[in-house]
There are 2 protein chains.
Amino acid sequence: MFEYKIKKVCKQSGARIGEFTTPHGVIETPVFMPVGTQATVKSLAPSELEDIGAQIILSNTYHLYLRPGNKLVKKAGGLHKFMNWNHPILTDSGGFQVFSLSGFRKITEEGVEFQSHIDGSKHFLSPEIATQIQIDLGADIIMAFDECAPWPAEYDYVKKSMERTLRWAQRCKDTHKDTEKQALFGIIQGGTYDDLRIESIKETIKIDFPGYAIGGLSVGEPKEEMYKSLDVLKPYLPENKPHYLMGVGSPDYIVESVARGIDMFDCVLPTRTARTGTLFTSHGKINILNAKYKEDLSPLDDQCTCYLCKNYSRAYLRHLFKAKEMLGPRLASLHNLQYLIQLTNRIKEAIYEDKMLEFREEFINSSENKPF
Amino acid sequence: MFEYKIKKVCKQSGARIGEFTTPHGVIETPVFMPVGTQATVKSLAPSELEDIGAQIILSNTYHLYLRPGNKLVKKAGGLHKFMNWNHPILTDSGGFQVFSLSGFRKITEEGVEFQSHIDGSKHFLSPEIATQIQIDLGADIIMAFDECAPWPAEYDYVKKSMERTLRWAQRCKDTHKDTEKQALFGIIQGGTYDDLRIESIKETIKIDFPGYAIGGLSVGEPKEEMYKSLDVLKPYLPENKPHYLMGVGSPDYIVESVARGIDMFDCVLPTRTARTGTLFTSHGKINILNAKYKEDLSPLDDQCTCYLCKNYSRAYLRHLFKAKEMLGPRLASLHNLQYLIQLTNRIKEAIYEDKMLEFREEFINSSENKPF
């Protein structure tokens, strides 16, 4: 279980196509994972996620621990059964959410005390507790409990935080025993400080995980800083393990990161922006609320085969958003996810043809890549 | 076109099973029509409505005239194409909405001046205009523009209003020419005054329509008053035409009304209450937000075969509502509609077996029929 088999390496770039085997099926990488924070990918049914080719979804320890509670999910037979998704699931450890959502938090060597964003109640997460919650939830891939340092942050703070994250990673591994049922991934931190990133990856690899995630990027730093950090890490990433860049989901970031050896992505961006009417298309990004689409009877994206693009006009989608009808955000979310999944398919083709750098060049300069 | 063929009349009750042929397919009655006010049945996709056996949906002239505009819908190829529903559609004339939604209205013989509930702008609907809008929208069944008098109302007011509605019905018929493409139904008014109801139905039949609707009931009067009015009308309803009771959708009302010769129903009730977590089940009505369902891992309704009941627990559905996740209202809406469609199927069985009165007796006294 949890073997990562490389099927193809692009001769131009080193970008990879691989297969990661889990108890709920094989994941072909590069892969974009739709985010189902609260045990549901907002507005969508699992059958629709299957239709658009989603292979694995992500859910959140922090949210599910607070509501409905990991014990209930365990009693229901685990997260797969609870939410009716019979394919692989990855749960984030809650580390990022504790730092980004909680109004109050106190970090000690033992763990983090924080306040619920729902009712203000106080809670405590540690490497042991976060891992145990993820064992209860039963995802195929679970994440080490880390501290995601903010950006910008002082060198000394990021260094101390990164070192603590290493000690926490070891404690997560010590807590997690059933390595046949769940793969525990380590998380590399170190901000945008090259030496800290290198120390973090070397030491995390020593602990030995079946996959490695890069955390603490795409948190506000300029994208050149992010790409530089990925370049610094690239020579150290173990070839025979999947490489997961956390929280990244804009099309250009995905293309640039795959060219730097990244295999897995997740982000709320496609669904969150969809709910505001912002859509990725092969002709560039559009906001459907724009008055110019009022009488536009063409499909949203003539290159797309999703339910929205096959059956509806831009004018209808705009009408749904103007009338505040739920079907609007729903169809838009479906489309944006399909777009990103199709993008990973186009990337795979480029890798198979040893043309990832050409694909990147073309994509980044295309009208399709209008920046967010 | 628009032939109404009676397939079976219940020997016990006179309740009927029939088939109404339209350009977009045959509707088997008794039928419940899900309401898609703004060219979408809230939260649901047409493919899901097909899955639960919806035969025809209702949409609204008032809403679509104001937004996105009937001219745009016409340009899009009509409502069926615009909203991707390739089965029959019925549009209400806007009469009811002008009286129930608009802040201001002024009724004259010519028509009604009213204010948009969206932006307060002033508009005017007449029998001719409402009919022309419905011709633009292109539904299979369109409705005469009527005045739905409030309840309670003085006899003199209801009489004058009913008489004007008769004159308006003739003007609608005069405007509507293409009787092969769209069936124009007349609407019987008269409040809860028996003589006015009888005058209304006799005079409406003289104008001659392919179907007759009963309006102005279920608008606040006690249900006994509604049943009495239906009993008064029953002997006058033409046997070879469909009988549509407007705005009625609670399970007991449907059962009681079919036993009184009604064939067609529509109501926002199943979807509106679903969005608040209130669900029809074969064990009675429940509100899923009730704390007793927090750890209830059984299906919502073990007698139901909808996507929600087949794949999820009550605890999961409750979690979705507590977490304000869109999938909650969506799955609940699907279930409530499936429940009502299944109820019409159970009614058909009873009619085929000449047991409609027994079925009614059993249903009305069952735990399933907890009143709203």
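**Notes on a predicted two-chain model**

1. Let me start in chain B, where B:G186 sits in strand β11 (residues 183–188); helices (H or I, at least four residues) and strands (E, at least two) are DSSP runs, numbered from the N terminus. B:G186 counts as buried because its relative accessibility is 0%, where buried means under 20% relative accessible area, exposed over 50% and partly exposed in between (1.4 Å probe, protein chains only). Leaving out residues up to four places away in sequence, B:G186 touches B:A144, B:T204, B:F209, B:G211, B:Y212 and B:A213, a contact being heavy atoms within 4.5 Å. Between the C-alpha atoms of B:G186 and B:L337, which are 151 residues apart along the chain, the separation is 26 Å.

2. A word on conventions. This is a predicted model, in which local features need pLDDT of at least 70 and side-chain atom pairs count only at pLDDT 80 or more, while totals for chains, interfaces and linings use all residues. Residues are numbered from 1 along each chain as its sequence is written, chains are lettered from A and ligands numbered from 1 in the order in which they are written, and side-chain values use heavy atoms, with hydrogens and water left out.

3. Now the interface. Chain A gives 39 residues to the contact and chain B gives 39 residues. Together the chains bury about 3,400 Å², with 56% of it on carbon and sulfur atoms; buried area here is the accessible area (1.4 Å probe) that two parts lose on being put together, summed over both. On the chain A side, the most area is lost by A:H319, A:E325 and A:M326, together 18% of what that side buries.

4. Which polar links cross between the chains? There are six salt bridges across the interface of chain A and chain B, a salt bridge being a side-chain nitrogen of Lys or Arg within 4 Å of a carboxyl oxygen of Asp or Glu. In one salt bridge, A:E48 meets B:R330 at 2.8 Å, N to O.

5. The elements of chain A that give two or more residues to the side touching chain B include α1 (46–51), α13 (314–322) and α14 (327–352). The largest share, five residues, comes from α13(A). By class, this side of chain A has 20 nonpolar, eight polar and eleven charged residues. For the classes, Ala, Val, Leu, Ile, Met, Phe, Trp, Tyr, Cys and Pro count as nonpolar, Asp, Glu, Lys and Arg as charged, and the others, Gly among them, as polar.

6. Over all chains, the whole structure has 54 salt bridges. One of them joins A:K7 to A:E19, with the closest N and O atoms 3.2 Å apart. A:K7 is in strand β1 (residues 4–9) and A:E19 in strand β2 (residues 16–22) of chain A, so this pair ties together parts twelve residues apart in sequence. A:K7 and A:E19 also belong to a salt-bridge network with A:E28 and A:K348.

7. A:D296 pairs with A:R314, the closest N and O atoms being 3.1 Å apart. A:D296 is buried at a relative accessible area of 16%, and A:R314 is buried at 14%.

8. The largest nonpolar core has 94 residues, and those with the most contacts inside it are A:L49, A:I214, A:I347 and A:M356. Such a core is a set of buried Ala, Val, Leu, Ile, Met, Phe, Trp, Tyr and Cys residues joined through side-chain atoms within 4.5 Å. A second, separate core of 93 residues includes A:L317, A:L327, B:L237 and B:F363.

9. Finally, some backbone spots to check. Most residues other than glycine have a negative phi, and most peptide bonds are trans. The peptide bond from B:T29 to B:P30 is cis, with omega near 0°, and the bond from B:R67 to B:P68 is cis with omega near 10°. A:A39 has a positive phi, near 65°, and is buried at 0% relative accessibility. B:D354 also has a positive phi, near 55°, and lies in the loop between α14 (327–352) and α15 (356–364) of chain B.
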